[in-house]
Amino acid sequence: MPRLIMHVDLDAFYAAVEQRDRPEWRGRPVVVGAAPGGRGVVATCSYEARRYGVHSAMPIAVAARRLPPETVYVRPDMARYARVSREIMTVLQTLSPVVEPVSIDEAYLDCTGLQRLIGPPEAIGRRAKAVIREAVGLTASVGLGPNRLIAKLASDSHKPDGLTVVPAGQVQAFLDPMPLAVLRGVGVKTAPRLERLGLHSVGDIRRLPLETLRRQLGARAGTAVHQQARGIADDRVYPARERQSISKETTFGTDVTDPEVLRETLRWAAQEVGYVARQEGRAGSVVTLKVRLHPFETHTRSGTLRAATADDRMLFRTAWALLQAEHWLGRRAVRLIGVGLSGWHSEPEQGDLFADSGVIPEGSDADRLHETLDAIRDKFGKGMIQRGMARPPS
DNA sequence: TCTGGGGTCCTAGGACCC
DNA sequence: TCTGGGGTCCTAGGACCC
């Protein structure tokens, strides 16, 4: 039986929440993101701001130059947006129990079989928009189609406050004229590459042999793009996806060379990551250090611990040790620094979670730290000994 | 114009094991 | 003394997405 998938996308979500809560900002350009004088980008902006050519991910300095003086600039209030998001996801479950939040402002719903209860796809889409408006007073753009790709492109095709249904029989006509960058996995790097080959629309991609695409994009991506161009995509909705990593990073207002500043920032990031991990009852064994140098050069270093942890100090010491092992770093200016945690237990064990951040189980912490340091020394120390190797090369 | 912060997934190479 | 092939794990980097 063909499935009916719905994609729901809140319009200019952060900016819309701000305008909802501050009526005096309605009708004015609102930019949620970095401070206009500083480093950073636009996270979201209201439709009034978009009229000036401003959009998400645009450097704030560029946006500020384009926007009029009455523009409102606000820092994101993620906690508030998350609360609104939870309300929306909850109310969507009154339509279908199979709701997959894909981000704070988007969700997929499996609406297969809902026609008998609600009516045609248009009626289901109208119902979704209505329950969101009644619950939180915001508008959403909604798309319905036979799979995730088509539902997503349908919701993208009419914004804001849109409702678009693409029946299975019209998928190819809908897709063919679209620019190839609408396909998932085709972004700022891949699109120009394909365009240099004379390909511009999804239809152009569709007429290409599978082997050509696999050669150009790699086996996996090539196959995926070949399928998508034919309207073939995943038609399942995953209501309980588990997160794979937790991370915290920050970009400095001006680049940093002072090791003390790097150290204290890393300590802060480790505390943030540890806190979230403990809140979620997770412990991970892979600690990742992320460093962005001037001008815009990003490096990651990761280490696998013997046992999973959610302890702030363990995370900090591991990340700090990874940083110190990078002798080439020297005094180079650091733009961004951060910490990540991943590699969850396959079977979470209560005893391995340091539920209280202030207490480290006796003995184990020092042991784990030494494991870490040994591993790092092995990896980066004299002779470049790879961890796990029986003995150094002679 | 100068590039946030939170993520996911894929690739490729080296080590290791059988 | 020279050296296959498959599978898996680990790490770094990169593309992409919202």
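Me: What is the volume of the largest pocket?

Reply: In this predicted model, the largest pocket has a volume of about 650 Å³.

Me: Which residues lie nearest the centre of the largest pocket, and which elements each supply at least two residues of its lining?

Reply: The lining of the largest pocket holds 15 residues, and those nearest its centre are Arg241, Arg243, Ile246, Val276 and Glu280. Strands β5 (99-103) and β9 (245-256), together with helix α12 (259-279), each supply at least two residues of this lining. Sorted by class, the lining of the largest pocket has 7 nonpolar, 1 polar and 7 charged residues.

Me: How do you know that Leu289 belongs to the lining of the largest cavity?

Reply: A residue counts as lining when it has an atom within 4 Å of a point of the space, and Leu289 is listed in the lining of the largest cavity, along with Val291, His299, Thr300, Arg301, Leu323, Glu326, Trp328 and Leu329. Strands β10 (284-293) and β11 (297-309) each give at least two residues to this lining, and β11 contributes the most, with 3 residues. The classes in the cavity lining are 5 nonpolar, 2 polar and 2 charged.

Me: Why is α1 called roughly perpendicular to α4?

Reply: Helix α1 (residues 13-21) packs against helix α4 (residues 78-92) at an angle of about 95 degrees, and their axes are 10 Å apart. Angles of 65 to 115 degrees count as roughly perpendicular, and therefore α1 is described as roughly perpendicular to α4.

Me: Which residues bring α1 and α4 together?

Reply: From α1, the residues Phe13, Tyr14, Val17, Glu18, Arg20 and Asp21 meet Met78, Arg80, Tyr81, Val84, Ser85 and Ile88 of α4. The contact of α1 with α4 divides by class into 7 nonpolar, 1 polar and 4 charged residues.

Me: What is the phi of alanine 57?

Reply: Phi of alanine 57 is near 75 degrees, a positive value in a residue other than glycine. Alanine 57 is placed in the loop between α2 (47-50) and α3 (60-66).

Me: How confident is the predictor in chain A, and where is the pLDDT below 50?

Reply: Chain A averages a pLDDT of 89, and 88% of the residues score at least 70. Over residues 347-367 the pLDDT is below 50, and this stretch has 26 contacts in the model beyond near neighbours in sequence. Residues 376-394 also have a pLDDT below 50, with 17 contacts beyond near neighbours in sequence.

Methods: Residues numbered from 1 in each chain as written. Chains lettered and ligands numbered in written order. Predicted model: local features only at pLDDT ≥ 70, side-chain atom pairs only at ≥ 80, totals over all residues. Heavy atoms only, no water. 1 Å grid on protein atoms, 1.4 Å probe; cavity = no way out; pocket = protein on both sides within 12 Å on 5 of 7 lines; lining within 4 Å. Points joined across faces, edges and corners; volume = space filled by probe spheres on them. Helix = DSSP H or I, 4+ residues; strand = E, 2+ residues; numbered from the N terminus. Nonpolar A, V, L, I, M, F, W, Y, C, P; charged D, E, K, R; others polar. Axes fitted to C-alpha atoms, helices over the stretch in contact; angles between N-to-C directions. Parallel < 35°, antiparallel > 145°, perpendicular 65-115°, else oblique. Contact = heavy atoms within 4.5 Å. pLDDT = per-residue confidence, 0-100.
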